[in-house]
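Please open the structure in your viewer and keep the selection tool at hand. The tour below moves from one selection to the next and says what is there at each stop.

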Amino acid sequence: MKTQRDRFSGKIGYVLAVAGSAVGLGNIWRFPYLAAKYGGGMFLLVYLILMLTFGYALIVSETALGRMTQKSPIGAFLTFGKSRGHRFGGWINAIIPMLIVPYYSVIGGWVLKYLFEYLRGNVQELAADSYFTGFTSSATEMELWFLLFAVLVFAVIFAGVKKGVEMISKIMMPLLVVLAVIVAIYSVTRPGAMAGVKYFLIPDLENFSWMTVVAAMGQMFYSLSIAMGILYTYGSYMKKDIDIEASTKQVELFDTGIAVLAGLMVIPAVFAFSGGDAAALQAGPSLMFITLPKVFASMGFGTGAGILFFLLVLFAALTSAISLMESCVSTFVDQTGWSRRRSTGVMVVVMVVLGSASALGFNILGFVRIFGMSILDFFDFLTNSVMMPIAALATCALILKVVGLSNIAKEVQISSAFKRRNMYNFCMKYIAPVFLVIILLSSIANVLGWITM
Ligand code: PHE
């Protein structure tokens, strides 16, 4: 039985909604700390190359498959065959968002907490070195803010695709760009910040390592919402007359623009406020939450800036979390025939169980270590470095072995000239499979301690 799928109203609605999914904590929180840690300008360069070739090809593939089949990933894979391979390919794409959205919401909770503290005017307290660890070590606080963020996500989900995602994206995205530019300009013009600008923008071969490539690759999946079923689902909501090629370019431009802006907000500030100390660059997930409060505390209007900034990040995180959740709910609705309400209910359980585990991993479950990682880090690693390369491989295999590159081209050409068709074919045939296998094996070997990168 075919029921009418919800649809995006047009190109702008589509691009904004996909950009809303793509632009999120990945750009603002994750990108700067990875760039700081894995080589600055070198990381940026590798990231850009991967995004323009590989990332582009995968976005086009997933969107085209979604629009062709009118299904989210599981249905899309099963449209072309019912074998185990098809089942596996669909499910791995569909399960990834279910594993990401809980820990994503934990970090969304951190953002809410910081926003709340700025609203109370605690600008100096937040800038203290120990503030962040003090916060994460409190089980009640971590759980509370995680749950609050989760409630916001579910509230939007209940409103339905069009009304919820599209409306919110349309208001939030332009606002986000303006706010990011303001904070970046302030950060870059601090005394001593220039060294940071150079570190971030100018590639230096000395800073290159294999980890630069592995991290950039995982970040590209994460940031562009590739290899997690999201783009299948959004493609299935897309009308046939929307130009896949042009909208992919716009989404990439937007997503990378915000990531670079975020880099300019955070990395120069590390130099201005910690004297470019190498240890400060290695801070990891806490980088944004430790560095930016120092910037704001130094500003004359620090409270206002802090409120604006964390509001911006909250918007970005919400649209992304909503798109993750939308994908999960849509999977259940399509596969089980459950109602939207019931499917959402199942996701509430998944969210609370896995999210609480990640939140409490910083305090009362702090003794739990999986391959040496905390629970949150483990979910991040498992999804980005292991499952996403496998999911992307499954998409490549489906296209190369079953659907055929020419059928993808046909779908894309319904609405675009597909000027980069040759590049697309080359990436899918040669680069993607080889590269994905290498990335996958090296990150597994790394975590098992067989190699150090
Ligand atoms: N791409 C989003 C970001 O950069 C995160 C995200 C991941 C969103 C997966 C949807 C799916 O934050």
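## First stop: α2 against α13

If you now show helix α2 as a whole, residues 25–37, you can follow its axis to where it comes within 8 Å of the axis of α13, the two crossing at roughly 65°. The crossing in which α2 passes α13 is right-handed.

## The whole chain

Before going further, zoom out, and bear in mind that what you see is a predicted model. The chain is built with 20 helices and zero strands. Its C-alpha trace spans about 60 × 50 × 45 Å along the principal axes. A compact globule of 453 residues would have a radius of gyration near 22 Å, and the chain, with 21 Å, agrees with that. Of its 453 residues, 61% count as buried. Among the contacts with a separation of 6 or more, 83% are between residues 24 or more positions apart.

## Second stop: α1 against α13

Next, select helix α1, residues 11–22, together with helix α13, residues 244–274, whose axes come within 9 Å and cross at roughly 40°. That angle makes α1 oblique to α13, and the crossing is right-handed. To see the residues involved, show Lys11, Tyr14, Val15, Val18, Ala19 and Ala22 on the α1 side, which meet Ala246, Ser247, Gln250, Val251, Phe254 and Asp255 on the α13 side. By class, the contact between α1 and α13 is made up of eight nonpolar, two polar and two charged residues.

Stay with Ser247, which lies in helix α13. Is Ser247 buried or exposed? With a relative accessible area of 2%, Ser247 is buried. Setting aside residues up to four places away in sequence, Ser247 touches Lys11, Tyr14 and Val15, and also Met238 and Ile242.

Then move to Ser21, which is found in helix α1. Ser21 is buried as well, with a relative accessible area of 5%. Which residues is Ser21 in contact with, leaving aside its neighbours within four places in sequence? They are Ser225, Ile230, Tyr234, Thr319, Ser320 and Ser323.

## Last stop: α3 against α13

Finally, select helix α3, residues 41–69, and follow its axis to where it comes within 10 Å of the axis of α13, crossing at roughly 140°. The two helices are therefore oblique to each other, and α3 passes α13 in a right-handed crossing. On the α3 side, show Leu44, Tyr47, Leu48, Met51, Leu52, Gly55, Tyr56, Ile59, Val60, Thr63, Ala64 and Arg67, which meet Ile244, Glu245, Thr248, Lys249, Glu252, Asp255, Thr256 and Val260 in α13. The residues of this contact divide into eleven nonpolar, four polar and five charged.

Key:
Residues numbered from 1 in each chain as written. Predicted model: local features only at pLDDT ≥ 70, side-chain atom pairs only at ≥ 80, totals over all residues. Heavy atoms only, no water. Axes fitted to C-alpha atoms, helices over the stretch in contact; angles between N-to-C directions. Helix = DSSP H or I, 4+ residues; strand = E, 2+ residues; numbered from the N terminus. Parallel < 35°, antiparallel > 145°, perpendicular 65-115°, else oblique. Left-handed = near helix turned anticlockwise from the far one by under 90°. Contact = heavy atoms within 4.5 Å. Nonpolar A, V, L, I, M, F, W, Y, C, P; charged D, E, K, R; others polar. Rg over C-alpha atoms; globule rule 2.2 N^0.38 Å. Buried < 20%, exposed > 50% of the residue type's maximum accessible area, 1.4 Å probe, protein only.
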